[in-house]
Amino acid sequence: MKIKKLFQKTRFGIFALFGMISLSTSALCIYTVDTHLSEEYENNSKNIAKTIADSSVDILLNRDLAALQSLIDQFVEIQSIKYIYITDESGEFLAHTFVPGIPEVIRTDDPFKTEAIERNLPGMGDFVEVGSPILAGIAGTVHVGMDTGLIALKIQRAIGRQVYLICIILVVGFFAAIWLVNLAANPLGDLLAYAVGRARGEDGASDDKLLSRDDEVGHLANLFFYVSEGKKSEQSDT
Amino acid sequence: MTLTSSGVTDTEIILGVSAAFSGPSRGLGIELYRGASAYFTHINQQGGISGRKVVLKTYDDGYQPDPSVKNTLKLMLEDEVFLLFGYVGTPTVTRVLPMLKKFQDRNIFLFFPFTGAQPQREPPYGDFAFNLRASYRQETAGLVDNFVRINRKRIAVFYQADAYGRSGWAGVRSALKQHGEQIAGEATYRRGEKFTGSMRKQVEILKASDPEAVICIGAYAACAAFARDAVDLGLRVPIANLSFVGSENLLKLLTEGQDNSESYTQLLVNSQVVPSYEETSTPAVKEYREMMQQYAPQPPEELVKEDYTPFAQSFVSLEGFLNAKLMVEILRRLDDDPQRSQLEDAVFSIRDFDLGIGEQVSFGPDRRQGLQRVYYTVVENGRFVTLDNWEDRFGKK
C-alpha cells in the first residue's frame, strides 16, 4: 500500500534525523567535555602549584626542608597529581616525590619553566606539567605533574556517561516517534481501505467506527461517505 | 578514681603514645615502648611518682601520618592524657605538631619523639616538643665529616621519599656544603617498603654516580634490602644508616637465613644517639640491661597483630629506657597536684642532669634537646659495636 511506503520513509527519516542529532550532540559533547575537563585539570594543577608556591615561601625562608616535603606529600595524595618537585633559585632540587629517583629528562630540563608542557617519563607514563614561581621566582619554582592517562580515563568516563544518555534518548525517541507515526498511520490506512471500499460500492464493518471519529480521519471518512452516497443517488436518479 | 587534672588521677599519671606497632617498621615502635615500659614498670613497683603510677595509653599508627593524627586527637580530646610521649617517626610527628599548636591552650607537650628531624626543634612548633636525642643534622654531619676526613668525599644518599628522608637528605647536603662538596647521587624508596622488595633500581642509580660512600635515611626493612642489593650488584662502598633505622632489626634481616651475611654487613656503619648497650660500664646501660632482664617488657598485646620477636637489648629500647628515665625525673619535679601548665618549668629546671650515660642533660627555653652526642657503630661478630677508627675500617686502601 502507498501509505505503508510513505510511513516507512517517514520512519527512516525519523531514524536518520535522530541519528544525526545524536551523532552531532555526541561529537559536541565529546569536544566540550574533553576541552572543559582538560582545562579544569590544568587549572587545578596550576592552582595547586600556586598554593604550594605560596605556602612554600615561609618554609623555604624560615624552616627545614622536611616541612616542605611534608607539604608536597599531602598534595600528591590528590588523585591525578602524580609528582611534585621544587627547585630553588639556582635550579637545585629541594624536594620531590619521585621514586626511585628524579627522571633524567626532568633533571636536565629548564627548572624555571612555568608554562604547561607535555612530558613522557620512561617507566612512569605521560604527564602534563605546570609550574608556579615561588616569590616571583626569586625563591624557586614549584612543578606539578598530572597523569594524562588518568585524566584521559576520567574524561572518557564522563564522555561515556553522556553518550550513553544520548543513546538512550535516541532509542526511546525513535520508538516514541514510531509509535506516534503509527498512531497517525493506522487510521489513515483504515481510511484508505474505507475510501477504496466505498469506491467499489462495498459497505465495511468498521464504517461506523471510522465515521464516528471526531478528527481529520473521521471528517475525511464522512466526506468520502457523502461523496459516494451522492454518486449512488445520482446513478439511481439516472 | 578521681580525676584531679587532665590525665592525672589520685593513682595514675596517664601518658599518651602513638607509634608503629604494625607494618614493616613495627620493630621501632615496639622496642621503644619496651625500653620505656621497663623503666616505668620499675618506678611503678617502687610506688610510682608521689603514689601515682605512670600509665601509657597506647595506640598503633603503623608509622603512617593519618592514623597518627587521629590517635593524637583521641589522646588529647577523649583520653585527655597528661602529655604525649614516645612517638615514632618524622612523617607522623610533623603532622601532629600543628595540632599541638592548635590546642596550645591545653598545654599538651610532646616528649621525646623517636625522630631527629628539625620541625619539632624549630619555630613555629619547637615550643610544643621536647627532644632527648641528637638531631638528624648532627648524625648526618658526623657521618659526612668522618667520611670526608678519610677522603670519601663522593657521598650519595638513599632515602625514604617523605619528610624523614628529606630531613636527612637536607642534613647531608648541608654538611657536604661545609666541605665544599655536594651530594654525588640520590635515590628514593616509598615508605613501607619490605625487605623482600627489590632496591636494584636504586642501587643502579647510585652506582652510576660512582659514590665513595652511601648514607641511608630510612627504616630497617628498606635499608637492609638496599644493603643486600648493593652488595649483590657490586656496590662495595661504606653504607651508613641513621639511628632511626633500628640497627638490630636491620642486622637480623641481613644475617638470618642469608648466605652472604658477612659481606652484607661488613661495610655497614650506623650512627647512634645513645651509647652501645654492650657498654656495661656505663651506669644507665647497666641499669637498662638489668631492668630489661628483670621485667622482660612486652608490647601491648592488643596492638601487636603481626609476628615479632623482641630483642633482649637494642639501641631503640635503650633510647626508650632513657626517655622514660628523664620523663620520670621531670614528673617528679611537678608538685603534688601535677598540672600541664607546670611541665615547661619542670623541664627547664633540668640542668646538668646525670642520666647515667656520661653526658649531662640540660634544658632551657632555647634548648629543647637534651643530648647532643652521636656514636658510630659497625658490625663485628654479628653485633653492633662502637667504631674506634674510621681510617682503619673505611679508609681507602
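**Interface and sheet architecture of chains A and B**

The contact between the two chains, defined by heavy atoms within 4.5 Å, takes 23 residues from chain A and 27 residues from chain B. The structure is a predicted model, in which local features need pLDDT of at least 70 and side-chain atom pairs count only at pLDDT 80 or more, whereas totals for chains, interfaces and linings use all residues. Residues are numbered from 1 along each chain as its sequence is written, chains are lettered from A and ligands numbered from 1 in the order in which they are written, and side-chain values use heavy atoms, with hydrogens and water left out.

Chain A and chain B bury about 1800 Å² between them, 50% of it on carbon and sulfur atoms; buried area is the accessible area (1.4 Å probe) that two parts lose on being put together, summed over both. Nine residue pairs, with both members at pLDDT 80 or more, are in polar contact across this interface. A polar contact is a pair of N or O atoms within 3.5 Å; within protein, one must be able to donate a hydrogen and the other to accept it, and residues adjacent in sequence count only if both atoms are side-chain atoms. On the side of chain A that touches chain B, the elements giving two or more residues are helix H2 (65-75) and strand E2 (93-96) of chain A. Helices (H or I, at least four residues) and strands (E, at least two) are DSSP runs, numbered from the N terminus. H2(A) contributes the largest share of that side, namely seven residues. The residues of this side of chain A comprise ten nonpolar, six polar and seven charged. In this division, Ala, Val, Leu, Ile, Met, Phe, Trp, Tyr, Cys and Pro count as nonpolar, Asp, Glu, Lys and Arg as charged, and the others, Gly among them, as polar.

Two salt bridges are counted between chain A and chain B, a salt bridge being a side-chain nitrogen of Lys or Arg within 4 Å of a carboxyl oxygen of Asp or Glu. Asp64(A) pairs in this way with Arg137(B), with 3.4 Å between the closest N and O atoms. Arg173(B) forms a salt bridge with Glu92(A), where the closest N and O atoms are 2.8 Å apart. The latter pair links helix H5 (residues 163-178) of chain B, which holds Arg173(B), to the loop between E1 and E2 of chain A, which holds Glu92(A). Over all chains, the count comes to 25 salt bridges.

Chain A contains an open sheet of five strands in the order E2-E1-E5-E4-E3, with antiparallel pairing; two strands pair if DSSP finds at least two bridges between them. E2 and strand E3 (117-121) of chain A are the edge strands, each pairing on one side only. Neighbouring strands of this sheet are turned by 30° against each other on average, direction ignored. Axes are lines fitted to C-alpha atoms, for helices over the stretch in contact, and angles run from 0 to 180 degrees between N-to-C directions. H2(A) packs on the sheet, where it touches strand E1 (81-87) and E2 of chain A, and its direction makes about 40° with that of E2(A). Within the sheet, eight bridges join strand E4 (residues 125-134) and strand E5 (residues 140-147) of chain A in the antiparallel sense, and Val128(A) stands opposite Met146(A) in E5(A). Leu135(A) lies in the loop between E4 and E5 of chain A and has a positive phi near 50°, although this residue is not glycine.

In chain B, seven strands form an open sheet of mixed pairing, in the order E9-E8-E10-E11-E12-E15-E16. Its edge strands, each pairing on one side only, are strand E9 (185-189) and strand E16 (383-386) of chain B. Strand E10 (residues 213-217) and strand E11 (residues 239-241) of chain B run parallel and are joined by three bridges; Ile215(B) has Ala240(B) in E11(B) as its bridge partner. Helix H7 (residues 220-232) of chain B packs on the sheet, touching E8, E9, E10, E11 and strand E12 (268-272) of chain B, with its direction at about 175° to that of E11(B).
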